[in-house]
Amino acid sequence: MLRYFRIFALSTVLGLGSITAMTEEAQADPVTGAIIAFTGASGIWATIGTAVLNIGLSFGLSLLSSALGGKADAARDAERPGLTLDMRGGGTVPRSFMLGFGATAGSLIYMNTWGTAEKTPNAYLVMVIALSDLPVTRVTDLMVDGRTVTYDPAAPQGGLGQAIPQYNRDGRDHLFVRIRTGNQTTADSYLTSRFAADPKLPWTAEHVGRGVAYAVVTMRWNEKLFDSVPSFLFMVEGIPLYDLRQDSTAGGSGGHRWSNPATWEYKRWPATMIYNIIRGLTCNGTWFYGGQGVDAAQLPYASWAAAASACAAGVRNRDGSIDPQFRAGGEIAVDEPPLDAIRRLLATCNGRMAESGGRFRIQLGGAPAAIFSFGDAAVIVSAEQ
């Protein structure tokens, strides 16, 4: 499935996307959020990656049964980067989406120029960069050419967008960013006002980009500030997710409803991400990724709620601060088999899954408490065992 932005066919120089995971476990040292880029892990991570989910997740789905039951492709895993650090464009781009907190350089889907400044024609360069093919919660931070710049996610997004103060020269702003989170129902007014009548590259009212989160970047030419097009890295809080612990109709407490994605929220817990992938992610009511036809009864509340709570459980750092025990985040391309994505998420929380009678249960972290024990006195040497 390739990314499609209304009439624009998107492309990339990278063939495969990735998911990068951050995991924090209880330890004496401060939790630093080690980034595990699953590109040929070693040591314990290699053990977890190959052994933690050596079961066939067979859901009986016409589309996903082979993918979810397949084995990870080590060669393909080795090609996947931990983060999309370079903006993509120029080849075939698989559609992708952001889970949890992650960073992406995105994919270039449109570029054009307009205006005159100080007798310089085409002085304003505009780039539209796709960040996710499912709506995201927000963009929290921005890096330009490898350095963090001042960006306020709550600032108004009108006009050219939010001016980046680090690129103010001689009292004039030269870099502007505006974000569309993917929930838009109309085309961007700034783009249509500038390019709707462009004979070669029009951006019209039809270019809504429903479900696509994207950034509109505008640069005002200044030879002292820009000797080339800068690189951008967007820090993103990913797609809202359903948390069954917050659904009062499923055994939890709260207003989350599986049938109404508008009630979902941003979550960082790998168990919650896996739950949503297994049941299937949708965009505007249409299936997008993961399972199809998997109902809540196949994912018992007690098991999955306990796993989500274990992810959110606080662990104390050496400095006394508290962090969640397990959290994950990154970008998933839809050409990655769902089972592969699940394997990676399980590795972030030392998770294991099992199927029994068509129901799927999850257990993560360390070994649970013993439920039965026996000693020498219970073993009779003369009796058959």
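Select His-174 and show what lies around it: beyond its neighbours within four places in sequence, His-174 is in contact (heavy atoms within 4.5 Å) with Tyr-167, Arg-169, Thr-218, Met-219, Arg-220, Trp-221, Asn-222, Leu-225 and Phe-226. This is a predicted model, where local features need pLDDT of at least 70 and side-chain atom pairs pLDDT 80 or more, while totals for chains, interfaces and linings use all residues. Residues are numbered from 1 along each chain as its sequence is written, and side-chain values use heavy atoms, leaving out hydrogens and water.

Stay on His-174. It is buried (under 20% relative accessible area, 1.4 Å probe, protein chains only), at 2%. Its side chain reaches the backbone oxygen of Arg-172 at 2.9 Å. It also makes a polar contact with the side chain of Asn-222 at 3.3 Å. A polar contact is an N or O pair within 3.5 Å; within protein, one atom must be able to donate a hydrogen and the other to accept it, and residues adjacent in sequence count only through side-chain atoms on both sides. Now pick Trp-221: its C-alpha lies 7.1 Å from that of His-174, 47 residues apart along the chain.

Next, follow the chain. His-174 sits in the loop between strand 12 (172–173) and strand 13. Strands are DSSP E runs of at least two residues, numbered from the N terminus. Select strand 13 (175–180): two bridges join it, antiparallel, to strand 10. Here Gln-162 stands opposite Val-177.

Widen the view. The open sheet has five strands in the order 6-7-14-13-10, with antiparallel pairing; strands pair if DSSP finds at least two bridges between them.

Notes:
Helices (H or I, at least four residues) and strands (E, at least two) are DSSP runs, numbered from the N terminus. Buried means under 20% relative accessible area, exposed over 50%, partly exposed in between (1.4 Å probe, protein chains only).
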